[in-house]
Amino acid sequence: MHTDKKSGSNVVAAYRRYLKLQRNYSANTVDAYMRDLQKLLSFLQSEGIDPLCVSLDDLRQFAAGLHDIGICPRSQCRILSGVRSFYRFLLLDGHIDADPTELLESPQLGDHLPEVLTTEEVDRMEAAIDLSKWEGHRNRAIIEVLFSCGLRVSELVTLRLSSLYIDEGYVRVLGKGSKERLVPISRRAVDELGFWFDDRCHMDIKPGEEDYVFLNRRGRHLTRTMILIIIKQLATDAGIEKTVSPHTLRHSFATALLEGGADLRAIQAMLGHESIGTTEIYTHIDMTTLRQQIADHHPRNIRWKEGKGSGSDE
């Protein structure tokens, strides 16, 4: 190990700057990385271990502790991914000579198929909105933009009027890592935005908030938590028993495209996924739907079901 390098809190501060300036992560992403790293640092402090002198066995003990306190496997994987990022930075910046996370394993995850909504269920959510209330058209526009553009909730709350190219049929989205992409917007979403803008122009908008698309009743842009509350309440009002969040509409957007025959690379571009592997989760959803369609409609299966139902010995 290089002993002339700074250590302790200074190294952590340098890592934060690295995430922000070199990796170009958003403030929310940086905070998430630092929260996960703090779990490791607290563990090492309790064991009297210098973060720059950590061993693979130390990290395995930390990982086992995550399981012991009931953190789910998916969250364990996220935390350990952040630990690997931290030690890759330390190696890159010359604070350590070898990466102790190189052989650190994460818990195995089975295929997790995210919940999706059908178009009929999305329509039910919109139908549950009371348009006599001031926020009615705003909430319908939120549903349609999420469903027709596949935006992340963080992208929705930061969406600007200046990023809407209505005549061209596109929205400019600022995604993870401050990467911009253009996403087509449906005619239905454009219409719903128009109704919302008719109401929005009568609002008392706070200074500095004028360019945000979606506002609360006080004239400030909505937060991610507020969007989550809105979506969950609308799903409940529509009688939908699935676990629904803003991300559910993003999953539903991608699944609908795939089932409609869209190319996986095109879906990747519209979702803003850096890796095609992230997008491939939707092929599993599509195959699940396909298997059910075959089971329900293929003549061999229909004949088998009819024979089973009639008690035939054939």
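User: What share of the contacts in the protein chain with a separation of 6 or more comes from residues 24 or more positions apart?
Analyst: In this predicted model, such residues account for 56% of those contacts (contact means heavy atoms within 4.5 Å). Residues are numbered from 1 along each chain, and side-chain values use heavy atoms, leaving out hydrogens and water. As the model is predicted, local features need pLDDT of at least 70 and side-chain atom pairs pLDDT 80 or more, while totals for chains, interfaces and linings use all residues.

User: OK, how many helices and strands are there?
Analyst: The protein chain has 14 helices and three strands (DSSP runs, H or I of at least four residues and E of at least two, numbered from the N terminus).

User: At what angle do α6 and α10 pack?
Analyst: Helix α6, residues 136-149, meets helix α10, residues 246-259, at about 40 degrees, and their axes are 7 Å apart. That makes α6 oblique to α10 (under 35 degrees is roughly parallel, over 145 roughly antiparallel, 65 to 115 roughly perpendicular, the rest oblique). Axes are fitted to C-alpha atoms over the stretch in contact, with angles from 0 to 180 degrees between N-to-C directions.

User: Which residues touch there?
Analyst: On the α6 side they are Ile143, Leu146, Phe147, Ser148 and Cys149. From α10 come Pro246, Leu249, Ser252 and Phe253.

User: And how far apart are the axes of α10 and α11?
Analyst: Those axes lie 10 Å apart, with α10 and α11 (residues 264-271) packing at about 155 degrees. So α10 is roughly antiparallel to α11. Arg250, Phe253, Ala254, Leu257 and Leu258 of α10 make this contact with Leu264, Ile267, Met270 and Leu271 of α11.
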